[in-house]
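Thanks for coming, everyone. Let me put the model on the screen and walk through it.

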Amino acid sequence: MALGYRLTVCCKWSFLILLITFLLQVPAQAQKENNVWYFGNGAGLDFNSGTPKVLTDGAFDAFEGTASVADASGKLLFYSDGASVWNRQHQIMANGTGLMGSPNSAQACIIIQNPGKSHIYYLFTTDAAGGSNGLRYSIIDITQAGGLGEVTVKNIPLYAPTSERLTATHHQNKRDVWVMSQHFGTSNFRSFLITEDGVGISTRVTNELDNKFFPVSLDPFSGMSCMKFSPNSKWLAATHRNTNTVRLFPFNSEDSGLNIYPLHGSPGAITLNALENPYGVEFSPDNSKLYVSTNSGTRIYQYDLTSSNEATINASKTIVGQANLDTQLNYIGASLQLAPDNKIYFARPASAHLGVINDPNASGSACNYLDKAIYLNGKTSALGLPAFVQSTFNFSYEVKYTINCFGQPSNFAFDAPATEQPDFMQWDFGDPASGADNNASTLSTSHNFSAPGKYTVTFTRHINNKIETYSITFEIKAPPIVNLGPERKVCPGTAVTLDATTPDAVYRWSNGSTSPTITTSTPGNYWVDVTVGNCTTRAETKISQLPLPTVNLGPGKELCQGDVLELSAFNQGATYRWQDGSTKSTFSVNQAGTYSVEVTSAEGCTVADEINIKYNDLPVVNLGSDRAICANTTITLDATQPGMSYKWQDGSTAPTFTVRSPGTYAVTLTNSKGCSATGSVHISYLPLPEINLGQDTTLCTNETLLLNATFPNSTYVWQDGTKGPTFTVKQSGRYWVEVTNEQGCTVRDEIWVPYLERPTIFLGNDTTLCFGDTLEIGKELPGDVKYKWQDGSTNAKYKVTKPGIYKLSAYNQHCEANDEIIVRFKDCIGGLFIPNIITPNGDGLNDVFFIHGLTEDNWDLRLFNRWGKEVYRTTNYRNDWAPPAAAGTGVYFYHLTHPATGRTYKGSLEVVF
C-alpha cells in the first residue's frame, strides 16, 4: 500500500519542517502526458525538452479537433481524429477504425486515462453538430498488441444529438475526471464522471438553463464551437456563434454543477459580448485571463477575469492578436490550446505556422502574441489543436509524493512548470546508505530506500532570490511475509484451503474475500493482499485440476439386429471396471441393455459413464422370383413398404425400379430406425423376331415398293390390318408391321415412303422461225432440279438458232421428265415473221408479241379473243403488246394492216404463262 500527502508552499527566506502522519494517497504526477501533440496535416510538437520541437511524422490529415496522449515519461502512446486511432508507430491501432466521431467536429475527441488502471484509456468522440452519432466513447488497452494498444470496445453511445463542444477536468478529489459536453438543440450541458470503475452510467445534466444563459438553436452552425475548463477547474467557457458571445460559468468540480446564479459570494453566469463568429477559447495558466478566437480565425481577444464582474470583464476586452493567414478562404474558426510550456498556441487555418501567446498571464498586448511563431517544417495547421484534461495544466506549487513499503520505490514531485528553472533544486532522502542515489535534482523523482525505518526527506529550491525548503518525516515499513505455498494439483471438485493468516493483518483476496483463509474447488490463479499497518504484501498461488480421464460412451443408441458395437473407454495409464466386472478398456455389445464403466487415471481421478443400447428388427424385402421378359419390354420392380427409404443397385432411391436390360437387380430397404436389409431378383430376356423393312425410301410417281417382313413361325399385322408377310406400297405414307414370334414377343418396324412428283416441263409446240431469228426454250423450275439437253448441256434454258429436234430431260432427285420440240426455219415473206406463241412470264424472253421485220411506221394491229371480241387496237404498233396475267393462257387472233401499201396479215397467236 502506498500513502501520500502534499505540502503547501513555504514562507520566504526560511525552512518549513512538517512532520506528517500519512493518511492520504496522492500520486506524484510529472504531467508529461500532454507533451506530444499531433494535429493538422501531419503536423506535431514535442514539449519534452521544455521548448517545442516540431514533428513531421503525423499520419493523419485532420481538419478540426484531435487528441493525443503520452505516458508519464512523455513518450507518445497514441492519437486520434475522432474517426480512427494511430499508435506510437503512426500505424492504425488494432481495431482502430470505424469510430463514430467526426474529423469535422471542432472538438472531435478527448482522451481520458482510467484513474486506477493506468493501462486503460477512454476515447470520447463527438459527431458533427446535430449528427445522429452523438457523444460516444471507446476503450483502449495500451498493453495489447505488444504494447502498441488495441481498441477493445468501440462506440458506446451516451446521448444524441450533441454539439461539437467537449472538454474535461479533474474532480475535486484530484483523481477522477469530469467529461463535459453540450446537448445540441437545447440549453443543457451534460457531464460524465470517469472513475476507476469506468465511465459513470448516470449523467449530470444542467437543465435549469434557458435562452438567457445559453440560447437554444437548431442551426448546426450554432454547435460548431469550442468550450474549455480553466486549469483550476473553477470556470467553464463556451463560445456561442449564433449570438456572437462567450458564455462563462463558474464550475463546481465536486458535483459538476454550473453555478448560474451567484452563490455564497461566487459569481454567476456571465455573457461576453461584441464578438464576430467566436470559435476557439482558452484560459491563461493562472486562470486570470480568457482568450477567444474570432473573425474566421483571424483575431484573438483577451478578457480579464480577476474581477468576476460581468460588466468589468466585458470592459476589459482587448484585441491581442491579428493573424495574417496564408490563404484568404473564409474558415469557420481556429483553436487555442494551453501547452506544457505555459504558452497558448493558436491554430492558424491552412498555414505553415502556428501563432503563440508567449506570456498569457500578462494583460493586453503584454501577453506578447507572435503570429508566425512556429514553422511546421513543411506540414500545415488546420482549425484544431489536440484536446487535454485542462486541470493537468494547473500547477499547485506543492510537493506531492507517494510513500511505499520497503522494496518498492517511493515517488516525489514538486508541482511546478517545467519552464520554471530554479537556480538550484535538490532532494535529500535522508538515506546515506543508498550512496549517490540519496540525492536528486529534478522536479520529480523516486527513491528506493535501503532498509525499513524512519526517514526525513527534504526538497530545496532557489528561485527568484528565495530559498524554499520542504521536509517530511515518515517510516518505511517492511511488508508482511506471506506464503500461500506451491501450486496445488487436485482432482476436479476437490476443495483446497489457502491460508494467509498473519497477526494484526487485513486481507483482500482475489475473489473479494477478507478472511485470513479461503476454501475453493475452482481452479485458477489466486492472490491475497495482506496489509499490516500501511504495508501490503501480495502472495500468489495456483490451483490447477488434474486431468480427468476422457470417458464418453456417447448417447443411448438403437442398433439393428446382428450389429456389434465396440465401446471404448481407453485412457493412457488408466484402469477400468465395466458393469459385469471386466477390466479391459473395451467392451463388445451384441444385445440390448445398459452398459457402464468407471475409469480411474494414474493420478487417482475417477470418471464414470453409461450408455443404454436397444436393438431393432430388420426390414423384410421381397422382389419376387426370377423371371424372363421379352427383350424389347420393361418390367417395374416394386419394393414399396410404409416408412422405408430405398437404395437400388444404381444408387436411385425411389420405391420402384424399371428394368430395361437383363441382369440381377437389388434394393436395400432402411426403416425409420436406420436398420437395413437387401433383396434381389434376376431378370432374363426372351429372343425377338428379326424384321427390317429397310431405310425410308422415296419413290417417283407411279412406282411401287414391296415390303417383306417374313420371319419363321411368326404372325403379322400391317398398318391397314392385313396379315400377310409382305405388303406392296403404291402411294406415299408411313408403313409398319408387327411381327410376333412363337414365344409371344412382338417386334414392330416401320418405314416412311414419300412420293416425288416428276418435274413438269413443256418446251412449247413445234414452231417455225425466220432464218436469223433465235428462240429461247425451257425455264427455271422450283426446287433442286437438274437439266440435260440433247447436246449434253445442263442449263435450264436453251437458245435455238437453227432447225432441228430439241430434247430436255429434267431430274428431281431420281425422278425424271422429258419433252422435245421441232423448230423449223424459213425465209420470211415481205421481211416479216409473225410468231404464233408468246410467253409473257416476265423473264425477258418472248414476253411480248414481237413481229420480226416490223421496221415501218403506221402498221395497224387489231387483236381479238377466241369469242371474237376486240381486245386491242392501235394505228402505230410498236412491238409491245402482252395480255395481263389475269387474262391467263389462251389463243388470240390478229389482223395486221399497213394502210399505206395495203399489205395485210391474219393469223392466230397462242399465249402461254
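First, the ground rules. This is a predicted model, so local features need pLDDT of at least 70, side-chain atom pairs count only at pLDDT 80 or more, and totals for chains, interfaces and linings use all residues. Residues are numbered from 1 along each chain as its sequence is written, and side-chain values use heavy atoms, with hydrogens and water left out.

Now the cysteines. How many disulfides does a search of the whole structure find? Five. The cut-off for a disulfide is a pair of cysteine sulfur atoms within 2.5 Å. I will show three of them.

Take Cys405 and Cys535. Their sulfur atoms are 2.1 Å apart. The S-S torsion is about -110 degrees, so this disulfide is left-handed. The pair links distant parts of the chain, 130 residues apart. Cys405 sits in the loop between strand 32 (399-403) and strand 33 (410-414), and Cys535 is in strand 44 (residues 535-545). Strands here are DSSP runs of E, at least two residues, numbered from the N terminus. Cys405 is buried at 5% relative accessibility. Cys535 is buried too, at 1%. Buried means under 20% relative accessible area, with a 1.4 Å probe and protein chains only.

Next, Cys491 and Cys605. Here the S to S distance is 1.8 Å. The torsion is about -90 degrees, so this disulfide is left-handed. It links distant parts of the chain, 114 residues apart. Cys491 is in the loop between strand 39 (488-490) and strand 40 (496-499). Cys605 is in the loop between strand 49 (593-600) and strand 50 (606-616). Cys605 is buried, at 1% relative accessible area.

Then Cys560 and Cys675, with sulfur atoms 2.0 Å apart. The torsion is about -100 degrees, so this disulfide is left-handed. Cys560 belongs to strand 45 (residues 557-560), and Cys675 to the loop between strand 55 (663-670) and strand 56 (676-686). They are 115 residues apart. Cys560 is buried at 7%, and Cys675 at 0%.

Cys109 is buried, at 1% relative accessible area. Cys367 is in no disulfide either; its nearest cysteine sulfur, that of Cys226, is 19 Å away. Cys367 is buried, at 0%.

On to Asn295. It lies in the loop between strand 24 (289-294) and strand 25 (299-304).

Now the cores. A nonpolar core is a set of buried Ala, Val, Leu, Ile, Met, Phe, Trp, Tyr and Cys residues joined through side-chain atoms within 4.5 Å. The largest has 48 residues, and Leu290, Tyr303 and Tyr345 have the most contacts inside it. A second, separate core of 20 residues includes Tyr787, Tyr798, Ala817 and Ile821.

Five strands form an open, mixed sheet in the order 70-74-73-71-72. Strands pair if DSSP finds at least two bridges between them. Strand 70 (837-838) and strand 72 (870-874) each have a single partner strand, so one side of each is left without a neighbour in the sheet. Strand 71 (residues 860-864) runs antiparallel to strand 72, joined by four bridges. Leu861 stands opposite Thr874 in strand 72.

Key. Buried means under 20% relative accessible area, exposed over 50%, partly exposed in between (1.4 Å probe, protein chains only).
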